[in-house]
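Here's a quick tour of the model shown below. Have the viewer open while you read.

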Amino acid sequence: MEKQVSREEIYKGKVIHVVKDEVELDDGNRAFREVVLHHGGVCIALKQGDAYFMVSQYRYSLGKEMLEFPAGKIEKGEDPDEAILREVVEETGYETKGIRKLGSIIPTCGYCTERIHLYYAQASDFVGQHFDPDERIELKKYTYAQISDMIQNGTIDDAKTIALMFFIKTEGLDG
């Protein structure tokens, strides 16, 4: 265990809050830990027929287009089960039926508190997409086999999408 001795706020933004903590180690020595505080996220495998909705969007931090399952941020104090219902409509325009929480992942445990909650559902009624003003999302559909192939060949390298595909397979939802 490491005990926090002090905390310095480095940056507080819309998505992340960065702090630098001084900690005391188990042997009495001290070290510094930089931590990104994040409210977490939600991600969904939304199925319609034999295909899943995917979003393609440019990710500035990586300098490239990413192909991912629909996902979004949890607002401060928001329940993940409510956040996913909001996000799925915002990004796909569809409401859900038979929604199931499959699990969650911590994508970068070395420096970030983010936890992403993973869901599966069938698409139901189309009610229209509602993008944030700075979002540029293209909605696409692929079968489980196509997504698996794109993961294998490196086209899809998004961790939450890969993890959600694992849950889909282990829950027997890939058929």
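**Briefing**

In the hairpin of β5 and β6, four residues sit between the strands, and Gly63 has a positive phi near 70° there. Helices (H or I, at least four residues) and strands (E, at least two) are DSSP runs, numbered from the N terminus. This is a predicted model, so to speak of local features we need pLDDT of at least 70, and side-chain atom pairs count only at pLDDT 80 or more, while totals for chains, interfaces and linings use all residues. Residues are numbered from 1 along each chain as its sequence is written, and side-chain values use heavy atoms, with hydrogens and water left out.

**Strand pairing**

- β5 and β6 pair in the antiparallel sense over five bridges (two strands pair if DSSP finds at least two bridges between them).
- Gln57 has Met66 in β6 as its bridge partner.
- Elsewhere, an open sheet of three strands runs in the order β1-β2-β3, with antiparallel pairing.
- Its edge strands, pairing on one side only, are β1 (3-12) and β3 (30-37).
- β1 and β2 (residues 17-24) share eight bridges in the antiparallel sense, and Glu8 stands opposite Lys20 in β2.

**The cores**

- The largest nonpolar core has 24 residues, of which Tyr52, Phe69, Leu118, Ile147, Leu164 and Ile168 touch the most other members.
- A nonpolar core here is a set of buried Ala, Val, Leu, Ile, Met, Phe, Trp, Tyr and Cys residues joined through side-chain atoms within 4.5 Å.
- Buried means under 20% relative accessible area, exposed over 50%, and partly exposed in between (1.4 Å probe, protein chains only).
- Elements that each supply at least two residues of this core include β4 (41-48), β5 (51-59), α2 (144-152) and α3 (159-170); α3 gives the most, with five residues.
- Leaving out residues up to four places away in sequence, Ile168 touches Ala45, Tyr52, Phe69, Leu102, Tyr120, Tyr144, Leu173 and Asp174 (contact means heavy atoms within 4.5 Å).
- A second, separate core of 13 residues includes Phe53, Ala83, Val88 and Tyr119.
- Ala83 is found in helix α1 (residues 80-92) and is buried, with a relative accessible area of 0%.
- Not counting residues up to four places away in sequence, Ala83 touches Val42, Ile74 and Glu78.

**Helix α2**

- The buried residues of α2 are Tyr144, Ile147, Met150 and Ile151.
- They cover an arc of only 130° around the axis, which puts them on the same side of α2; the arc is that of the directions from the helix axis to the C-beta atoms.
- These buried residues pack against β5, β6 (64-68), β10 (138-143) and α3.
- Just after α2, Gly154 takes a positive phi of about 90°.

**Salt bridges**

- The structure holds 12 salt bridges, each a side-chain nitrogen of Lys or Arg within 4 Å of a carboxyl oxygen of Asp or Glu.
- Arg7 and Asp21 meet in one of them (2.7 Å, N to O).
- Arg7 is in strand β1 and Asp21 in strand β2, so this pair ties together parts that are 14 residues apart in sequence.
- Arg7 is partly exposed, at 43% relative accessible area, whereas Asp21 is buried, at 6%.
- Glu68 pairs with Lys160, their closest N and O atoms being 2.7 Å apart; Glu68 is in strand β6 and Lys160 in helix α3, 92 residues apart.
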